[in-house]
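Please read it with the coordinates open.

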Amino acid sequence: MLLLSLFFGLELIPPLGLQLASVAAWLSLVMLTAWGVSRFAQADSEIVRKIVHIGTGNVILLAWWLHIPAIAGITASILASAVTLLSYRFPILPGINSVGRLSFGTFFYSMSIGVLVAWFWYLQQPHYAALGILIMSWGDGLAALVGQRFGKHKYYLFGGQKSWEGSLTMAIVSFLICSLILMSVQGNSWQVWVISVVVALAATGLETISFVGIDNLTVPLGSAALAFVLTKFISG
């Protein structure tokens, strides 16, 4: 009887409540993982930051798959952006200032999610928002880790240091994400492969221009917009 009452009780929970609970559960798991890695694996702060960076980006998949309303994503983005800005002044989230340089990357990251949700939820094509955010979270996150650990061949652009190993990682991951998402919606076609190559190269180029963390805005918006335009142009 207890199990039955719990089951029927779940039916009374509004769908939005279940959707937001799923997001909260995922974010809690990400934070717990980051804390565990920091506490027990003695990992450096950059690895912990990238776990959070990549993990939080996957929230866009939940928003897409669970059909979370745009207003929820936009509101969360505004709140996160406001908290992030305050953290540059007050020690609310001290971890965002641990990169060793002036960076507004976390603010741009939060803002880009809100912009993409508002844009592509309105067009009823949320997969483009997922494409842009995942290219930023996975592509940039893995590129930074690979570049720091294996980046032997350096180059400098706009005063910033990059590695060819990191940039290659960014290109490969961006291509995989773009092709997988487009194929899941549009099917396998030569247009998807061409679009994925172009988007991957563009995202890699945008990621190299990363002063003050601006790539956290230009990469997701640029990737999503380019994939959307190219799809309309080539497939239309």
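1. Is Q124 buried or exposed? Q124 is exposed, because its relative accessible area is 70%, where exposed means over 50%, buried under 20%, and partly exposed in between, with a 1.4 Å probe and protein chains only. The residue is found in the loop between α6 and α7, and its phi is near 60 degrees, a positive value in a residue other than glycine.

2. Some conventions apply throughout. This is a predicted model, in which local features need pLDDT of at least 70 and side-chain atom pairs count only at pLDDT 80 or more, while totals for chains, interfaces and linings use all residues. Residues are numbered from 1 along each chain as its sequence is written, and side-chain values use heavy atoms, with hydrogens and water left out.

3. On the overall fold, the secondary structure comes to 10 helices and two strands, which follow the pattern α-α-α-α-α-α-α-β-β-α-α-α along the sequence. Helices (H or I, at least four residues) and strands (E, at least two) are DSSP runs, numbered from the N terminus. Of the 236 residues in the protein, 42% are buried. Contacts (heavy atoms within 4.5 Å) with a separation of 6 or more are formed to 70% by residues 24 or more positions apart. The accessible surface comes to about 12,900 Å², of which 74% belongs to carbon and sulfur atoms; such areas come from the Shrake-Rupley method with a 1.4 Å probe, and for residues only the protein chains shown count as cover.

4. H67 lies in the loop between α4 and α5 (70-87), and it counts as exposed because its relative accessibility is 64%.

5. Helix α3 (residues 45-57) has 13 residues and should span 18 Å at 1.5 Å a residue, and its end C-alpha atoms are 18 Å apart, which agrees; the expected span is 1.5 Å times one less than the number of residues. The buried residues of α3 are E46, V48, K50, H53, I54, G55, T56 and G57. What covers them includes α2 (15-40), α4 (59-65), α6 (105-122), α7 (126-150) and α10 (215-235).

6. The structure holds two salt bridges, each being a side-chain nitrogen of Lys or Arg within 4 Å of a carboxyl oxygen of Asp or Glu. In one of them D140 pairs with K50, with the closest N and O atoms 3.6 Å apart. D140 lies in helix α7 and K50 in helix α3, so the pair ties together parts that are 90 residues apart in sequence. Both D140 and K50 are buried.

7. K162 forms a salt bridge with E207, and here the closest N and O atoms are 3.0 Å apart. This pair links distant parts of the chain, with K162 in strand β2 (residues 160-163) and E207 in helix α9, 45 residues apart. K162 is buried, and so is E207.

8. Helix α9 has 19 residues and should span 27 Å at 1.5 Å a residue, and the 28 Å between its end C-alpha atoms agrees with this. Among its buried residues are Q191, V192, I195, S196, V199, A200 and A203. T204 also lies in α9 (residues 190-208) and is buried, because its relative accessible area is 11%. The side chain of T204 reaches the backbone oxygen of A200 at 2.8 Å. Leaving aside residues up to four places away in sequence, T204 touches S167, M170 and A171.

9. Which residues make the nonpolar surface patch of about 400 Å²? The patch is made by L168, I172, L176 and L180; patch residues have over 30% relative accessible area and no salt bridge, with like charges joined within 9 Å and nonpolar side chains (Val, Leu, Ile, Met, Phe, Trp, Tyr) within 5 Å. L176 lies in helix α8 (residues 164-186) and counts as partly exposed, because its relative accessibility is 44%.

10. One last point concerns F150, which lies in helix α7 and counts as exposed because its relative accessibility is 51%. The C-alpha atoms of F150 and E165 are separated by 6.9 Å, although the two are 15 residues apart along the chain.

Note on methods. A polar contact is a pair of N or O atoms within 3.5 Å; within protein, one must be able to donate a hydrogen and the other to accept it, and residues adjacent in sequence count only if both atoms are side-chain atoms.
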